[in-house]
Structures are given as C-alpha cells and as structure tokens.
Amino acid sequence: MNCIDTHAHVFSTQDHSIQTARYAPNYDATVQSFISHLDQHNFTHGILVQPSFLGTNNQAMLNAIQQYPNRLKGIAVVQHTATFDELFQLKEQGIVGVRLNLFGLNPPALNTAEWQNFLRHLESLNWQVELHAPPSYLVQLLPQLSEYNFNVVIDHFGRIDPIKGIDDPDYLKFLSLLNVKQHWIKVSGFYRLGATPNNINIAQQAYNIFKEKGFLHKLIWGSDWPHTQHESHVTYEDAIHAFKQIVFDKHEQCLILNQNPTELFGFSRT
C-alpha cells in the first residue's frame, strides 16, 4: 500500500534566495537525502513543496521530480499572472498545485479580475491550492476560495498561534469555516505551533477537533523535512514519532498516511 509524505522541501546553497527572504538555509537538502528518508521508513511517495525563500523559481523542485517521476509530485509557487500555458507546462513536469505562503506578506485580493482568472486556471488544471497562512488570513481567504471547485489544503494544522492557542478567536472562526467537501488539513509541522518533540499538546488538541468535525478522511501527514529554521532540534524520526503520538490509533494512521493522500494527490493505488 502507498505511504506518502506530503510535505518536504529540496534546495541547495547554489540556489539563489529571493531578496525578501525572511530566512535562507546554509546547507543542502537534496532529493537523494529525502528519498533515503522515505526508503528508510517504508514510504512509497513524497510531495515536494516550494520553499518561500526560492520565490517562484521552482527549478530545483522540478529537477528533483524529474529524477524520481514515479515517486514525487510537487506544489509550486507561481505569480498569479502566470498564463494557462505556463501552468500547464508545470503540470506536465509533475506539479499538482500551487502554494500561497503568506507569512510576512499581505493577504491577496482574490476578488480582483487577475486573481479570479488565475483561480479559474487552477480549476481547469484540477490543481489544489495550498495555504500556509496565519488564522487571521485563513478566515479571510476560505470564504473567497469556496466559490471555486478545487481542493484547498491547509498547512500545519492551520498554524495555531503558540501564544493564543486553540482559543484564539481567529482560529475558532477558522474551525467554523471548515468544509469537509473542499478542505484538507496537514497534521504536520507541530514544532511551528510552539510544540516540541516531547510536548505536542496543542497539536493533539487540534487533531481531536478535526476528528470531531468529521475530517478524519481529509487529514494528511507531512514530515516538513528538512524542518527549516528548526533543523537543529528536529529530525525526520522526531516528526514520525510525534505523528504517532498525536495519532496513536493504527487505523487512523493508515488513513492519514496512505488512503487520504493517495486520493488527494492521485497516486495509483498499490
């Protein structure tokens, strides 16, 4: 059966970070290293996600997918002015969606003609939209994206504010907006919520809420390898161990690691 890591990054120090990058790593995260982690833990497939510091230059990710086209797919970062032909070329190279990484940015004006045209392109391509954004942005964007017929994937539990916690009014509103017909949630990046490998309470709380809301079949897992900005204290093994602490039921683990992402990302069932 498939076992899929739905969130990892590849890059090297030779790749040029954008000038506005909030962070740029000083090491290489190679596709060979990622594949080694997959093999070591019996994962059949992986999803590469474009990191923010590389902007819209997706070439490192495309090169990685080209090396392992049967095992990897990608989520790109593109300009919303990209033409349909440009997006279709990315689809031909293994891209299955776009990421809006909005930390450090203003939320986009999705009601403009340019954005509406772009989002219709994504519909036509059967792509997903991945949101990496604080809860205050999610509550603005989810209603606007509900007008479109594509999957919306929400990164890292919806990025609960470590200080405000689950009871943050914006996070509670985000939870109220969730629609099981459109939304998927990554139970990933627990350490971005202020948690540590030994303290996963906030991630555990969020997971239980998602289950109560009927989202068990819409949850997917990602290692978030190489754990950028947290690489000094988080390993691939830590990410797997934390997942099994958060999701200790074997049937639920199976859904999240294989059946759910197989459906979302269109991998052949094996």
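This is a predicted model: local features need pLDDT of at least 70, side-chain atom pairs count only at pLDDT 80 or more; totals for chains, interfaces and linings use all residues.
Residues are numbered from 1 along each chain as its sequence is written, and side-chain values use heavy atoms, with hydrogens and water left out.

Ser 188 belongs to strand 7 (residues 183-188). Helices (H or I, at least four residues) and strands (E, at least two) are DSSP runs, numbered from the N terminus. Leaving aside residues up to four places away in sequence, Ser 188 touches His 156, Phe 157 and Gly 222; contact means heavy atoms within 4.5 Å.

Now look for the aromatic rings. A pair of aromatic rings is described by the distance of the centres and the angle of the planes. Rings of Phe, Tyr and Trp (its six-membered ring) pair if their centres lie within 6.5 Å; planes under 30 degrees apart count as stacked, over 60 as edge-to-face and the rest as tilted. Searching the whole structure gives eleven aromatic pairs. In one of them, Phe 190 and Tyr 191 have ring centres 4.9 Å apart and planes at 75 degrees, so the pair is edge-to-face. Both of these residues, Phe 190 and Tyr 191, are buried. For Trp 221 and Phe 243, the centres are 5.8 Å apart and the planes stand at 45 degrees, so this pair is tilted. Trp 221 sits in strand 8 (residues 219-222) and Phe 243 in helix 8 (residues 236-246), so the pair ties together parts that are 22 residues apart in sequence.

The charged end of Lys 73 sits over the ring of Phe 267, 4.7 Å from its centre, and that of Arg 159 sits over the ring of Phe 103, 4.3 Å from its centre. The rule is that NZ of Lys or CZ of Arg is within 6 Å of the ring centre and within 35 degrees of the ring normal.

Next, how do helix 6 and helix 7 meet? The axes of helix 6 (residues 169-177) and helix 7 (residues 201-212) come within 11 Å and cross at roughly 30 degrees. That makes helix 6 roughly parallel to helix 7, since angles under 35 degrees count as roughly parallel, over 145 as roughly antiparallel, 65 to 115 as roughly perpendicular and the rest as oblique. Axes are lines fitted to C-alpha atoms, for helices over the stretch in contact, and angles run from 0 to 180 degrees between N-to-C directions. Tyr 171, Phe 174 and Leu 175 of helix 6 make the contact with Ala 206, Ile 209 and Phe 210 of helix 7.

Finally, visit the backbone. Most residues other than glycine have a negative phi, and most peptide bonds are trans. The peptide bond from Trp 225 to Pro 226 is cis, with omega near 5 degrees. Pro 226 lies in the loop between strand 8 and helix 8, and His 227 is found in the loop between strand 8 and helix 8 as well. His 227 has a positive phi of about 60 degrees although it is not a glycine, and at 2% relative accessibility His 227 counts as buried.

Conventions. Buried means under 20% relative accessible area, exposed over 50%, partly exposed in between (1.4 Å probe, protein chains only).
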